[in-house]
Amino acid sequence: MEGGLSSFWGPVTAAEWCEKNYVYSSYIAEFFNTISNVPCILLALIGLINALRQRFEKRFSVLHVSNMILAIGSMLYHATLQHMQQQGDETPMVWEMLLYFYILYSPDWHYRSTMPTFLFLYGVGFAMAHALLRFGIGFKVHYVILCLLCIPRMYKYYIYTEDASAKRLAKLYVATLFLGSICWLADRLFCKEISGWYFNPQGHALWHVLMGFNSYFANTFLMFCRAQQREWDPKVVHFLRFFPYVKIQKPKSQ
């Protein structure tokens, strides 16, 4: 949306959201959509520290790092509203879903090298195709399909998990996804009406914050499930009786 200050980055070449551009700074196009990624980075950093400190498998460290990369890409996109930065936001979204797909399905995959090889080549192929063809609605459809493919295994993990605290993580994951989707849709579909309000609720910025918590809850739940598979005696504990994380006890032989 058009704003007040001049643009450091030049004319807008990417998709815009329901926030006035360059209101607070000539260097930041969509201010709230940019800074709302900071909680995502902090939550991913907390998850990364926990994964490294307790020596979880490298896949979880990579997962938390990918969450941070995605949030940084989103910050650059919303700060500049340039097409290249938009692709730098969208392509890591697909890579991240491929990583979730690997973490969810690899424990039951008998050919260990085939899945990561295929997913890596798929990710590279998508990045090249997206750079050349500049998918629009096709990107959104593709991303939703990847998300839907992860749901059956996520649900299987949920029904086979007996720990009440771990199940609560899964429920928080669903709740933040639901609320975040409402914010995203409202910002996208009702921008004309929202623009006439005295106060803009910044639905897309709320989506970023909720997705930061959504990723953290999903990652923590998956870490618990994987620790159960490895017989590491996982427990969901809470820092200051509020913030959940997984604590494990590995056998001495490991």
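**Exercises on a predicted model**

Arg226 and Glu57 form a salt bridge (a side-chain nitrogen of Lys or Arg within 4 Å of a carboxyl oxygen of Asp or Glu), with their closest N and O atoms 2.7 Å apart. The model is predicted, so local features need pLDDT of at least 70, side-chain atom pairs count only at pLDDT 80 or more, and totals for chains, interfaces and linings use all residues. Residues are numbered from 1 along each chain as its sequence is written, and side-chain values use heavy atoms, with hydrogens and water left out.

**Exercise 1.** Locate the two partners of this pair in the chain.

*Solution.* Glu57 sits in the loop between H2 and H3, 169 residues apart from Arg226. The count of salt bridges comes to 4.

**Exercise 2.** Determine how H3 is oriented relative to H9.

*Solution.* Helices H3 (residues 58-80) and H9 (residues 203-229) pack at an angle of about 175°, their axes 11 Å apart. H3 is therefore roughly antiparallel to H9 (angles over 145 degrees, on a range from 0 to 180 between N-to-C directions). Contact (heavy atoms within 4.5 Å) involves residues including Phe60 and Leu63 of H3 and Leu222 and Arg226 of H9. The contact residues divide into 4 nonpolar, 8 polar and 2 charged.

Technical notes: Helix = DSSP H or I, 4+ residues; strand = E, 2+ residues; numbered from the N terminus. Parallel < 35°, antiparallel > 145°, perpendicular 65-115°, else oblique. Nonpolar A, V, L, I, M, F, W, Y, C, P; charged D, E, K, R; others polar.
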